[in-house]
Amino acid sequence: MNNRKLSLAAKIVIALVAGVMFGIIANLFFSTGINEGISKWILSPLGDMFLRAIKMLVVPLVLCSLICGVASIGDIKKLGRVGVKTIIYYVFTTALAISLAMAVANVIKPGIGTNLSIQTAEKVETATPPFIMDMFVNMIPTNPIEAMVKGDMLQIIVFAILFGMCITLIGKKGETLLDMISQINEVLLKMITVIMLTAPVGVFALISKVIMFQGIGALLPLLKYFMTVILSLILQALIVYGTALKVLGGLNPIKFFKKFWPVMLVAFSTSSSNATIPVSLETCEEKLGASRSVASFTIPLGATINMDGTAIMQGVATIFISQLVGVNLTIHEMLMVVLTATLASIGTAGVPGAGIVMLSMVLQQVGLPVEGIALILSVDRLLDMLRTAVNVTGDAVCTTVIARQEGE
């Protein structure tokens, strides 16, 4: 086949399918010792190198692109308008996602007739919901350099927005500095393109390692729960996002998904919203046509506070665990779940496994046993990959809708 015809996206799909097949074969036919050796010497290093290469760019890219984006908006009123619209959109879709998930779970009833017992589950680490005012206080960094070292995205975003605004306010004096930051931004975007050439190898390694150790056997007792989460994620992506694109943005959802699905594959294989920021930013600007000033604001913010896929898992898992222990949640308790999960998603890092920390907060809020989390951990790695793909899609939908509304 002609090399030009086989696009990077096609290569990633081939790597993904090959990784799944290799993982299944290894799980069924190789001994644990051989699998551990393959993972230790080949898959883990390759997968981790790809992940680290992408993560290496997250902080500098978010900082530079956000400063450039805010400074290029120029008008502080317009920046405020874009910011308010973005936050309202993210909070609304997260609340909608968890409500949809709970409705689907109440219809399918994944916990009824499932042969699992909470009593045998092991102890799980718990977390308490953050106090809402603390979240606002902690958004402001006392040391921006420390925030960058730690990768605290919310603090980096606040610092970058303020920095960009002040470049605009000092006018002509700030132009040289802005040009320099813009040039650094261009270099970082080119680095993404170079790193993405290794994506097929990274995707193969990451997915085959998960399947190799998880196996298909882990799915069987939890198949009903697994399928309920997947159905809810599909409904969110197609109906909620499709409607938002069509109604709010006047855009064609099919065209959007055609251009964006390679990013969904990267999100799927890395399980990290933050790791997908560089690829997502590049796609929103270059393929979806959103302006840099909007995309560089909405994408990093979305990766930090917009967790629709994670909220869906929370909703289904809460209903699933309540059905396992025979507790009927009242309307008031379900509303508490929606509120807690929406607030928790704002303060949760976009890294693999963050959803489990959030789930412990939600379960405690409505008095359900946190031990139930141990039961769903066996399939959570696979679901984490799927919900990350939905998380980043939600960010891109918001970006294109707002860019369209702003005429950008």
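**View 1. Ser291 is a buried residue in a loop.** With a relative accessibility of 16%, Ser291 counts as buried, a word for residues under 20% relative accessible area, while exposed means over 50% and partly exposed lies in between (1.4 Å probe, protein chains only). The loop that holds Ser291 runs between helix H11 (273–286) and H12. Helices here are DSSP runs (H or I, at least four residues), and they are numbered from the N terminus. The side chains of Ser291 and Ser293 are joined by a polar contact of 3.1 Å. A polar contact is a pair of N or O atoms within 3.5 Å; within protein, one must be able to donate a hydrogen and the other to accept it, and residues adjacent in sequence count only if both atoms are side-chain atoms. Leaving out residues up to four places away in sequence, Ser291 touches Ala403 and Glu408, where contact means heavy atoms within 4.5 Å.

This is a predicted model, in which local features need pLDDT of at least 70 and side-chain atom pairs count only at pLDDT 80 or more, while totals for chains, interfaces and linings use all residues. Residues are numbered from 1 along each chain as its sequence is written, and side-chain values use heavy atoms, with hydrogens and water left out.

**View 2. Asn306 sits in the loop between helix H12 (292–305) and helix H13 (308–324).** Is Asn306 buried or exposed? Its relative accessibility is 1%, so Asn306 counts as buried. Look for its side chain meeting that of Asp395 in a polar contact of 2.8 Å. Beyond its neighbours within four places in sequence, Asn306 has contacts that include Tyr90, Thr93 and Asn391.

**View 3. Arg292 forms salt bridges with Glu186 and Glu285.** A salt bridge is a side-chain nitrogen of Lys or Arg within 4 Å of a carboxyl oxygen of Asp or Glu. For Arg292 and Glu186, the closest N and O atoms are 2.9 Å apart. Arg292 belongs to helix H12 and Glu186 to helix H7 (residues 175–196), so this pair ties together parts that are 106 residues apart in sequence. Between Glu285 and Arg292, the N to O distance is 3.0 Å. Glu285 counts as buried at 15% relative accessibility, Arg292 is partly exposed at 24%, and Glu186 is partly exposed at 44%.

**View 4. Glu406 and Lys85 form a salt bridge, with their closest N and O atoms 3.0 Å apart.** This pair links distant parts of the chain: Glu406 is in the segment after helix H16 (372–405) and Lys85 is in helix H3 (residues 76–108), 321 residues apart. Glu406 counts as buried at 12% relative accessibility, and Lys85 is partly exposed at 28%.

**View 5. Phe22, Phe30 and Phe204 form one aromatic cluster.** How many aromatic pairs does a search of the whole structure find? There are seven. Rings of Phe, Tyr and Trp (its six-membered ring) pair if their centres lie within 6.5 Å; planes under 30 degrees apart count as stacked, over 60 as edge-to-face and the rest as tilted. The ring centres of Phe22 and Phe30 are 6.4 Å apart and the planes are at 75°, so the pair is edge-to-face. Both residues are partly exposed, Phe22 at 24% relative accessibility and Phe30 at 31%.

Conventions. Helix = DSSP H or I, 4+ residues; strand = E, 2+ residues; numbered from the N terminus.
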